[in-house]
Amino acid sequence: MIAELGHYSLILAFGLTLIQAIFPMIGAARHDGRMMTLGPTAAYGQFFFSLAAFLALVYCYIMSDFSVAVVAHNSHSLKPLLYKISGVWGNHEGSLMLWVMFLALFGAMVAYFGRNLPKTLQARVLSVQALVGLGFYLFLLLTSNPFDRLADVPFEGNGLNPLLQDPGLAFHPPFLYLGYVGLSVAFSFAIAALIEGKVDPAWARWVRPWTLLAWVFLTIGIVLGSWWAYYELGWGGWWGWDPVENASFMPWLVATALLHSAIVVEKRDTLKSWTILLAIIAFSFSLLGTFIVRSGIITSVHAFATDPKRGMFILLFLALVIGGSFLLYALRADKLQSGGLFAPISRESGLVMNNLFLSVAAAVVLYGTLHPLLSDALFGVKSSVGAPFFNLVFGYLTIPLVMIMGLGIHFKWKRADLKGVTQRLMAIAGLSLLGALMTLYITYGGKIMPAVWMGIALWLLFSVLQELSVRLKLFRIPLKQSLQRFKRQPRSSWGMSLGHLGFSVGLIGIIATSSWNLEAQKVMGIADQMTIGDFTLTLDDVIPVAGPNYSAVRGIITVSSKDKPDYKAYPESRTYISSPMTTTEGAVETTLAGDLFIVIGEAQGGGATDRFGIRVYYKPLQVWLWIGAAIMVLGGLISLSDRRYRIGSPQGKKKKGSPSHAH
Amino acid sequence: MLIKRFLPLFIFLGIFIAFMTGLFLNPRDIPSALINKPVPELSLPPLQGAGIGLDTADVTAPGTIIIVNFFASWCGPCRVEHPALDRLSKIPGVKLYGIAYKDRPANSLIFLKTYGNPYDKTAADLKGRNAINWGVTGTPETFFIKNGIIRYQHIGPLYEAQIDSDIRPMILKLQQEDPS
């Protein structure tokens, strides 16, 4: 019954989306107010019914209703509640259901927060949003109905892959999808602007918070996924340049570029057609990401839906959306006149360079991801570029990008004083060089590049702090006044400082953990010892443990080192009951200096002579990566709360409302 | 100027065409140059100890269907594939051999301890030399051999569903061929 209600709700949501797609667009062309007001109403209705459909599916999972096919295939009655719920989006049908629900949510948010938008712009944005939605509703209803019933109802479900039963992964897809779908708003704004033939600073001010919101979600989503890979897979890695990881990284890179180029549109009324293009590309990458995951076109651990019919549908849909947008762009972009000019050394050109490097980075990832497919389709050769290719390219791409980041934040708009900035930055350039040399000294005999990268990352870190102290006039005016300036800084500039600071901190973590990690393994019996770096591990005991839906062996290991008190580590190796599969639960001791990561394997041999394969990793500064990412997200959130961007707030309305209404 | 505006569209069309061809080319179903050819020479040490792990005699043994699977502990898809191999090894009348590709034997052993060992015999291809002779494009990759002739090559991970839908019928067909 509930499943059928869900199905009807989904069909009703589709009907409302059809209305939302057609009438506001016609209304905007004819300046028909009544038709345009259908937009927000339909958007609210669509959200209501798609949420109802989604909740109906969640209900089927919680109740373990195995007469519903997706529940039977993906759930199990013994699973903890959290994973019953996260199981909803752990499969093809459910994840698409979540996709459209989020799309409808963002549509409703544009309807609500965009009440102060010019009516025609809002109508067109909502209509484009609905056009995208139509494709997804059709896809769901025609090829992947989540509410299909089974004729023979099984007593028990197939269970969710135990690897996916982890809090990090439970929330990873929703955040990633919020990010993907969030970019649809920037996309809809871009298409609406192309139709209207007008992009102005006010447009950029509306687009920026939406992009920022999507960027924050995307960042959280990517980091959660990476964090999951690190803790759960027990392989000591956190990023593998897997096609699906790349699929989430590409929109992130472009969204980051878009965030920066939209600032130029807002402040300087230029770079318009480039910004529009970025908005289209960012969302195209989101769709491409969905396609790569859902079609199995590129062999990947993640590509679990290998169904060419579905792939065909998504491909045609992609062709319509992306091809159509690029065609519209080609035909209409010349309508957008460029505004202010700027000198080669200025904040604008710094941001242009930033955009250039980020776009190149995205293009590199796109090339690397599609390479196996392209070489197969074009030349009939099977080949792939692996992680070494990406690591090499990104290693070198980071250097100019980060150097310009450190420089650009000191530049003024229009024309910057290169000499003054250089003089100001001499000291921190020296400090970073010193940092690089010290790194070289500490890791004496090691490779040189990590020291170079460390110097670059420190350069950015110092530069951000220096820029902040300039703004606060730290040490040049009394501390009390500096503190007052501290409080008066607009939140968006805190966002900038924190975003860049987080990036540099994360970068330091990445450099350290990928350059200087240690790894050791040994087959150990009780009371055996092994050493890694400064740590000595003793296997005290191994005991069996029973969990809610798994049984496990747990190692009890004493870890001792020179400068820290001994502690006990409890790594586990779990075997799940519903699907006979083993996962590792590594014991991770995290400190600012590094993570000690211990993994235990199954018993080797039998009886009293049991021996266990123990793997240990030491990951220097690993936690800096997560801290850096958290700071970036925090920066995004603080910037989002800036009064100037609090969309629909009365103060904002007066300021930004007036210029936009003048047609 | 006009060309510049159309550039994104053209690039997209190029990628789109590649996708179209890609969708109809099954990436795991490419014909190999070695299909219906005798297996290349093989002589590999075992994962543990000295001597011979796998040699040409093993993989050319007449009568049975011999499956050679290239895997590595560092390879993510291999972990995904593992339950499928388990099922594969239970099909009657087949022998499943595993070759650890460019992998430290200690790591391979831990991998097999952690996820279970479905193989009848294992060997280590430390440098990946033998894999080159076999035309391996990456891990995991699986070869199906009868009477010393490679009959089928599967690129990428095997999924459990595939075992029943594709692999088992294919093996049955090979087994029913007249023993010439």
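Ala, Val, Leu, Ile, Met, Phe, Trp, Tyr, Cys and Pro count here as nonpolar, Asp, Glu, Lys and Arg as charged, and the others, Gly among them, as polar. The model is predicted, so local features need pLDDT of at least 70 and side-chain atom pairs pLDDT 80 or more, while totals for chains, interfaces and linings use all residues. Residues are numbered from 1 along each chain as its sequence is written, chains are lettered from A in the order in which they are written, and side-chain values use heavy atoms, without hydrogens and water.

View 1. The structure holds three cavities of 30 Å³ or more (a cavity is a set of points on a 1 Å grid over the protein atoms alone where a 1.4 Å probe fits but cannot get out; points are joined across faces, edges and corners, and a volume is the space filled by probe spheres set on them).

**View 2. Lining of the second largest cavity.** Lining residues, which have an atom within 4 Å of a point, include Leu96(A), Phe136(A), Thr290(A) and Phe317(A). Eight are nonpolar, two polar and none charged. H11(A) gives the largest share, four residues (helices are DSSP runs of H or I, at least four residues, numbered from the N terminus).

**View 3. The largest nonpolar core.** This core has 153 residues (buried Ala, Val, Leu, Ile, Met, Phe, Trp, Tyr and Cys joined through side-chain atoms within 4.5 Å; buried means under 20% relative accessible area with a 1.4 Å probe, protein chains only). Helix H7 (residues 167–196) of chain A supplies its largest share, 15 residues.

Definitions and conventions
On a 1 Å grid over the protein atoms alone, a cavity is a set of points where a 1.4 Å probe fits but cannot get out, and a pocket is an open set with protein on both sides within 12 Å along at least five of seven lines; lining residues have an atom within 4 Å of a point. Helices (H or I, at least four residues) and strands (E, at least two) are DSSP runs, numbered from the N terminus. Buried means under 20% relative accessible area, exposed over 50%, partly exposed in between (1.4 Å probe, protein chains only).
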